[in-house]
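Please keep the sequence and the structure in view while reading.

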Amino acid sequence: MQGEGGVVSIIRCRKGHFYDGEIYGECPHCRNHTELPPEGQGECGNRGGKIIVGTFHADQKKQFVAGWLVCTEGPEKGRAFPLYKGRNHIGRSYKMEVCISEDTEVGRDTHCTVIYDERWNQFHILEGRRTVTYRNGRRLAGQEELTDGDILQLGNSRLEFLAYCKEDRRWK
């Protein structure tokens with residue numbers, strides 16, 4: 001049940017069902033049902049005795065959170081997305097490190113990218129191809145440094161950037 005690189009892609013649909021994205025192109029539960037089963041009457045997601053409950057990265061090294069993007073407006077309002085060292089691709093696809101799946105105006109694959117450079121303890125944002133991203137109300141042009149409290153606007157979503165790693169605080 002492992003995909004490329006030992007990764008199993010577990011997807012949660014809009015109704016809350018979990019399914020293997022490597023096997024199904026869409027939620028196999030919603031395809032056959034219009035409503036969730038009443039509570040206590042059957043297990044949603046039970047396929048051949050296996051219930052898919054999360055994402056597993058077999059070869060993933062321990063990663064430390066460097067910062068977050070917190071959605072303050074839009075379909076994902078209230079969600080926080082962790083950022084790690086290196087590139088954090090943002091888009092609607094479940095293959096993105098930051099998946100904003102509910103906002104149909106966000107590009108599917110790499111609307112933009114937040115990069116955390118561990119060596120210099122800095123964050124940058126890089127625009128995607130054929131997408132529009134705003135930083136603090138100004139259209140992003142190329143790559144720019146991100147600072148704590150910056151506001152990103154992509155699609156119908158507004159995200160506030162919060163840095164954990166900043167100034168003298170960093171993981172060793």
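Strands, labelled E, are DSSP runs of at least two residues and are numbered from the N terminus. In this predicted model, serine 101 belongs to the loop that runs between strand E10 (98-99) and strand E11 (112-117). A search of the whole structure also finds seven salt bridges, some of which are described below.

**Serine 101**
- Serine 101 counts as buried because its relative accessibility is 17%, and buried means under 20%.
- When neighbours within four places in sequence are left aside, serine 101 is in contact with Arg14, Glu76, Arg92 and Tyr94.

- Arginine 158 and glutamate 73 meet through their side chains in a salt bridge, with an N to O distance of 3.9 Å.
- This pair links distant parts of the chain, 85 residues apart, with arginine 158 in strand E17 (residues 157-163) and glutamate 73 in strand E7 (residues 67-73).
- Arginine 158 is partly exposed at a relative accessible area of 31%, and glutamate 73 is likewise partly exposed, at 43%.

- In the salt bridge of lysine 166 with aspartate 148, the closest N and O atoms are 2.8 Å apart.
- That pair links distant parts of the chain, 18 residues apart, with lysine 166 in the segment after E17 and aspartate 148 in the loop between strand E15 (143-146) and strand E16 (151-154).
- Lysine 166 is partly exposed, with a relative accessible area of 26%, and aspartate 148 counts as partly exposed at 40% relative accessibility.
- Salt bridges with shared partners join Arg135, Arg138, Glu144 and Asp150 into one network.

Definitions and conventions: Residues are numbered from 1 along each chain as its sequence is written. This is a predicted model: local features need pLDDT of at least 70, side-chain atom pairs count only at pLDDT 80 or more; totals for chains, interfaces and linings use all residues. Side-chain values use heavy atoms; hydrogens and water are left out. Helices (H or I, at least four residues) and strands (E, at least two) are DSSP runs, numbered from the N terminus. Buried means under 20% relative accessible area, exposed over 50%, partly exposed in between (1.4 Å probe, protein chains only). Contact means heavy atoms within 4.5 Å. A salt bridge is a side-chain nitrogen of Lys or Arg within 4 Å of a carboxyl oxygen of Asp or Glu.
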